[in-house]
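Reader: Could you walk me through this model, please?

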Amino acid sequence: MSTGFDLERYSRADLERRSGTKWRRHGGSAIGAWVADMDYPVAPEVTSAIRALLDADDLGYPDQSLDAGVRDAFSERAHKRYAMVVDPSDVVVVSDVVQAIYLSLFAFTEPGDGVAFLTPAYPPFFGAVAETGRTALCCPLVRGVSRYEVDLDALGSVVREGRARALLLCNPHNPTGRSFSRAELDGIAAIALDAGLVIVSDEIHADLTLPGAAHVAVASLGPEVARRTVTLFSASKAFNVAGLRCAVAAFGDPELRERFERFPAHGRGSVSVTGMVAAVAAWERADRWLDAVLALLADNRDLVSDFAAGHLGGAPFAAPEATYLAWLDLRAYDLGEDPAAWLRTHARVALSPGPDFGTEGRGHARLNFATSRSVLEEMLDRIASALAHGRSASV
Ligand SMILES: Cc1ncc(COP(=O)(O)O)c(C=O)c1O
């Protein structure tokens, strides 16, 4: 399919020459399929916005109007795509989503307080809770027939028994790729409201919702929920500019924003001019590029699903509804707690280690399929052949 964007134009040699960690970390010894960056070129609207800065040597301190531009662009996008009503004055521009998670925990909880989240979880969730001296209250997702699901009864118990003060949600969910349904989110929100929690909703993957699925923003569930919710968002994942460092925290209540902003501004650091210009260009002008990326990702997701059906030793595969991440259950192959380490050596493909995502990640690995078809095919061939010739499946 020709989209006019030539998304698959980078060869393996090109990718290996890049400075980013995805391909550098393991040198030329393994195909990079771990950290959440895509191997595609950046949207032309984004590169030309950055190039205009460079061509004009315009890299001085950004004017406040640029910060306002990011807040306006987010507010408009959130409304148009996700039915979220947020006043631009209640959007705070931060350098990254993980920073905003730490700041939210400092702002809305006290040391020792419980912070509930669903596991397996994006690894910095564990770090943020531990390093801020809060207590992790983990609620495992349950494996349904074709997808991972939220056990609302279990979540309610975890929140009550741990006396949680905040809920850290990741929707769409990394690493399983779930786009939680409105019914699931209504159930989660009811628990949060009942317990008086602040919901910190990391929706960084929302724009990566694949065709056929729909993203439901927590803050769109209703005014009462919105008032308790901080939505974290960034152009960095969907528009492939993670190195530029620009994200937003959007507050459904000015009082939440004021508490967040009590952390001294200089301690929060500031955001790069390139990151802000890129976010505005991406959100306002690059959706045609994004649609092309989503079509390619959906095809890649289907290829990974076919691979999983044939090569995962019978373990059912929950195909992601969003993100470019596939959560692989490799327990049948008896590769130890961390199959990614085994696959790095035996298949020369670098996946993310499952145990980094919590105890449910033992025997699992996360595969990033945001690459060209040819690189993905090579990666899957290598994994299939290593699994076939390495240890035999116990099923
Ligand atoms: C769920 C989730 N949140 C946050 C991030 C990181 O965002 P940032 O680089 O803005 O901190 C990622 C990156 O993969 C992610 O998957």
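Here are a few questions and answers about strands and helices.

Author: Happy to; this is a predicted model, where local features need pLDDT of at least 70, side-chain atom pairs count only at pLDDT 80 or more, and totals for chains, interfaces and linings use all residues. Residues are numbered from 1 along each chain as its sequence is written.

Reader: How many of the residues of strand β10 are buried?

Author: Buried means that 20 or more other C-beta atoms, placed from the backbone, lie within 10 Å of a residue's own; strands are DSSP runs (E, at least two) and helices are too (H or I, at least four residues), numbered from the N terminus. One side of β10 has Ala-247, Ala-249 and Phe-251, the other Val-248 and Ala-250, and both faces are covered. The strand, residues 247-251, is largely enclosed by the rest of the structure, because the buried count is 5 of the 5.

Reader: Which residue of β10 is the bridge partner of Leu-232?

Author: Strands pair if DSSP finds at least two bridges between them. Strand β9 (residues 229-233) runs antiparallel to β10, joined by 4 bridges. In β10, the partner of Leu-232 is Ala-249.

Reader: And which is the bridge partner of Val-93 in β10?

Author: Strand β2 (residues 91-94) is also antiparallel to β10, with 4 bridges. Val-93 has as its bridge partner Val-248.

Reader: At what angle do helix α5 and helix α6 pack?

Author: Axes here are lines fitted to C-alpha atoms over the stretch in contact, with angles from 0 to 180 degrees between N-to-C directions. For α5 (residues 97-108) and α6 (residues 123-131), the axes are 10 Å apart and the angle is about 35°.

Key:
A residue is buried if 20 or more other C-beta atoms lie within 10 Å of its own, exposed if 12 or fewer, and partly exposed in between; C-beta atoms are placed from the backbone.
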